[in-house]
Amino acid sequence: MLINIDGKMCKGHAGETLMEVANRNNIDIPSLCYKKGFEGLGRCRLCLVEVKEGKRKKIVSACVYPIKDGIEVITSTDEIIKMRKDIILLLLLRSPENDYIKELAEEYGVKSPKKYKDQKNDDCILCGLCVEACEKLGTNAISFVYRGITKKVSTPFDDPSKDCIGCGSCAEVCPTNAIKLREINGTRTIWNRSFDLIQCTVCGNYYTTAESLKYVEEKLDYEEDHICERCKRKAMGSKFKESFQNIY
Amino acid sequence: MAKGIVIYPDKCTGCRTCELTCSFTKNDIFNPKDSAIAVLPYDEVGLQVPMTCLQCEDPHCMTVCTVNAITKNEKTGVVTVDDEKCIGCKMCVSACPFGNMTYSSRLKKVLKCDLCKGIPQCVKECPTDALQFKDLDGPLHKRKNIGDLFSDVFGEVSK
C-alpha cells in the first residue's frame, strides 16, 4: 500500500495507522497521547492531519486513522494549524501552570484570554496513557472514574490500590508529568498508597518495591536475591577479578 | 555470525574512555553515569574490570518486558531496547542477573549496550584493546573463545 505524506511516498500495510507510517518515515506529527506500541487513543487530538481521498478531503486524527491505498496526507495546512491552536488553547485553559503545555502554547503562539479561567488547574489532560501502561503491565490498578467535568484518572474509590505494584510506569509515560511519585526515607508514595522500599542486602540502598520484585519473580519463575543492580554488577566484576588474579 | 564484546581485564588501565565514549554516542553527554559500560576498579589486586551487557542467549530482561520493547535480533544476537516503546516500569533493571541494565530517570530511559548497531564505539576508542569485538559463533565457540581464562564466569552466562 502506497500513500503520499507531505509529498513523500510511503509504504504501509493494511491495518496500520497514519501515525505509525509517518513515524517510520521520520515525518513529525505533533501529539501528546500517542506512544509507540500502544493502540492510538485519539484523545489529545493534536495529531490532526488533512487526508485527500480522490476528490474529497477530510480532517482526521493520525493516531487512529487506518491508512487506505493512494490517499494523500498533508500534515500542516493553515486550517490544521488553526485547529491545533484551538486545541492547545483548551489545554492551556485546563492546565495553565503546566510546563509542557506552556511550552507547547509558546511554540504555537497561543495565549489564554484572561477572562476564562478553570478553577481546577489540573495538570492531567485525561489522555489515558497511564491507564494504558498499567493495563499493559497487567496490574490494572488505575482507570478513568466519573464522567463529564468530574472525569479523572484514579484507583477504585480513590483508595490505595491492592493491585498497584508501585513501579511508576504511569508517571513515566505521562506527557504532562501530572502523576506524582514521591520517594522519601525508604517509602514510595503513589496513588495514595505508600510502599516500603526494599533495601539492598549488600549496600543498604533502597531500590525497588517488594511488589515489583514479586512481579519479576513470578514472570521469571525464579527467586531473586535482594541485591540492587549496582551491587549485582559489582558481584559479577568480582568474579572476573578472582579468575584473573589467580593467573598472575 | 554473531559478534560480541570480549573483555580482557588484564589489559584494562582504567582510563574510562569507554564510559565517556558510550555516554557521548548514546546520550550526547560526557557523563559516566549515563553510560552502558562501567569500569569496576579492584585496586587491591591492581585490576580494572569493564562490565557491560553480555547479550544473553535467553535474556531475562526480554522475558519480563510486557510491552515488547526489548527484542533479540536472531542474526546478530544483539538485545536492543526500543526507547519509544518502553514505559519505564524498570522490571528489566531488577531482572538482569548481572546488573548491566540501569535506568536513568533524568533521561527517562534504560541504559543498555546494543553494540552501537554493529560498530561498538567503546571498542574503537579503547587504547589498550581491553575491549575487543570478536566473532562468537554459537554458545560453544563463545565459551571456548573466552572461557579458557575464566570458565566459572561464563558457565553462569550460558545458564
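## A salt bridge between the chains

B:Lys90 and A:Glu172 form a salt bridge whose closest N and O atoms lie 3.7 Å apart; the term denotes a side-chain nitrogen of Lys or Arg within 4 Å of a carboxyl oxygen of Asp or Glu. In total, three salt bridges are counted between chain A and chain B.

The model is predicted, so local features need pLDDT of at least 70 and side-chain atom pairs count only at pLDDT 80 or more, whereas totals for chains, interfaces and linings use all residues. Residues are numbered from 1 along each chain as its sequence is written, chains are lettered from A and ligands numbered from 1 in the order in which they are written, and side-chain values use heavy atoms, with hydrogens and water left out.

## The interface of chain A and chain B

Chain A contributes 37 residues to the contact and chain B contributes 46 residues, contact being defined as heavy atoms within 4.5 Å. The two chains bury about 3800 Å² between them, with 65% of it on carbon and sulfur atoms. Buried area is the accessible area (1.4 Å probe) that two parts lose on being put together, summed over both.

Across this interface, 14 residue pairs are in polar contact (both at pLDDT 80 or more). A polar contact is a pair of N or O atoms within 3.5 Å; within protein, one must be able to donate a hydrogen and the other to accept it, and residues adjacent in sequence count only if both atoms are side-chain atoms. On the side of chain A that touches chain B, two or more residues each come from helix 4 (129-137), helix 5 (169-173), helix 6 (210-220) and helix 7 (229-245) of chain A. Helix 7 of chain A gives the most, with 13 residues. Helices are DSSP runs (H or I, at least four residues), numbered from the N terminus.

## Domains 1 and 2 of chain A

An automatic or database domain assignment divides chain A into domain 1 (2-76), domain 2 (81-122) and domain 3 (129-237). The centres of domain 1 and domain 2 of chain A, taken over C-alpha atoms, are separated by 25 Å. Their contact takes 12 residues from domain 1 and nine residues from domain 2.

Domain 1 and domain 2 of chain A bury about 730 Å² between them, 74% of it on carbon and sulfur atoms. On the domain 1 side, A:Leu32, A:Leu46 and A:Leu48 lose the most area to domain 2, together 54% of what that side buries. Between these two domains the count is zero salt bridges, and three residue pairs are in polar contact (both at pLDDT 80 or more).
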